[in-house]
Structures are given as C-alpha cells and as structure tokens.
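Here is a short report on one chain. Look over the sequence and the 3D view before reading on.

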Amino acid sequence: MSFNDVRGQETAVRCLRSAIKNGRVAHAYIFAGPRNSGRLLLAKNFAKALNCVEPENFPCDVCNSCMKTDKDIHPDVKSVASSSRGGEIVIGEIRKI
C-alpha cells in the first residue's frame, strides 16, 4: 500500500509528499473526514513515508521500515482509536502509548 492507493485525496497526498521532500513537516497533523474517506489509509501512508529509507520514491513498500509499518509493528508508528461510544479519544488511551 502506498500513496497511489489513496483515492480521491490527490491534493492531500501532494501536500504531504511536498512537506516531506522540502523538510517542512509539521509537528502534528489531523486526518479528519467522513467514514470511508481514506483518512486512515492516508495517515498510515504518511507515517510510512516519514520513516521510509528510500529518498526519492517514498513510501517504497519494500524496505524494512515500510514493511513493519504495514504489519503494525513499527516501533515509531502508533495508532490511536476511540474505544468509547461517542467516538472520542480519552486521555487513558493516550497514556497507554
């Protein structure tokens, strides 16, 4: 899975790739949108691209870092999701990581 797999978010992909290439990555990003809008896929690919060892074609999907991110075992990539009914992420979930 790579940025090419993210459909309908071409502008977001272009902005995120540009931020990485230009060394202007912000300290935080919020990926928001309706269900099935691709926000999780985009966020995961962004995290993968940030950690990829390939300088030109990132994420490359073949380096050790990319493969670990795809398997959800990369030590520097953590996902946080709501476990409550309201969909809010509570402080306890953040403290776990």
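## Salt bridges around K48

K48 and D61 form a salt bridge, with the closest N and O atoms 2.5 Å apart. A salt bridge here is a side-chain nitrogen of Lys or Arg within 4 Å of a carboxyl oxygen of Asp or Glu. The pair links distant parts of the chain: K48 sits in helix α2, D61 in the loop between α2 and α3, 13 residues apart. This is a predicted model, in which local features need pLDDT of at least 70 and side-chain atom pairs count only at pLDDT 80 or more, while totals for chains, interfaces and linings use all residues. Residues are numbered from 1 along each chain as its sequence is written, and side-chain values use heavy atoms, with hydrogens and water left out.

K48 also forms a salt bridge with D70, where the closest N and O atoms are 3.0 Å apart. This pair too links distant parts of the chain: K48 is in helix α2 and D70 in helix α3, 22 residues apart. How exposed are they? K48 counts as buried, at 0% relative accessibility. D61 is partly exposed, with a relative accessible area of 23%. D70 is partly exposed at 27%. The cut-offs are under 20% relative accessible area for buried, over 50% for exposed, and partly exposed in between (1.4 Å probe, protein chains only).

## A further pair

By the same rule, the count comes to three salt bridges. The side chains of K44 and D72 meet in one of them, at 2.9 Å from N to O. K44 lies in helix α2 and D72 in the loop between α3 (64-70) and α4 (91-96), so the pair ties together parts that are 28 residues apart in sequence. K44 counts as partly exposed, at 21% relative accessibility. D72 is exposed, at 57%. Side chains of opposite charge can pair when their charged atoms come close.

## Overall build

What secondary structure does the chain have? It comes to four helices and zero strands. From the N terminus on, the elements run α-α-α-α. Helices (H or I, at least four residues) and strands (E, at least two) are DSSP runs, numbered from the N terminus.

The radius of gyration of the chain is 14 Å, close to the 13 Å that the globule rule gives for 97 residues, so the chain is as compact as a globular protein of that length. That radius is taken over C-alpha atoms, and the rule is 2.2 Å times the number of residues to the power 0.38. Along the principal axes, the C-alpha atoms fill a box of roughly 40 × 30 × 25 Å. Of the 97 residues, 26% count as buried. Residues 24 or more positions apart account for 43% of the contacts with a separation of 6 or more. Contact means heavy atoms within 4.5 Å.

The largest pocket has a volume of about 890 Å³. Of the 24 residues that line it, the closest to its centre are L40, A43, K78, S79 and V80. A pocket is an open set of points on a 1 Å grid over the protein atoms alone, where a 1.4 Å probe fits, with protein on both sides within 12 Å along at least five of seven lines; lining residues have an atom within 4 Å of a point. Grid points are joined across faces, edges and corners, and a volume is the space filled by probe spheres set on the points. Helix α2 (residues 39-51) gives the most to this lining, with seven residues. By class, the lining has 15 nonpolar, four polar and five charged residues. Ala, Val, Leu, Ile, Met, Phe, Trp, Tyr, Cys and Pro count as nonpolar, Asp, Glu, Lys and Arg as charged, and the others, Gly among them, as polar.

The second largest pocket holds about 150 Å³ of space. Its lining includes Q9, Y29, F31 and R39. Helices α1 (10-21) and α2 each give two or more residues to that lining.

## Backbone details

Most residues other than glycine have a negative phi, and most peptide bonds are trans. The peptide bond from F58 to P59 is cis, with omega near -10 degrees. P59 lies in the loop between α2 and α3.

N36 has a positive phi, near 60 degrees, and is not a glycine. N36 lies in the loop between α1 and α2 and counts as exposed at 82% relative accessibility.
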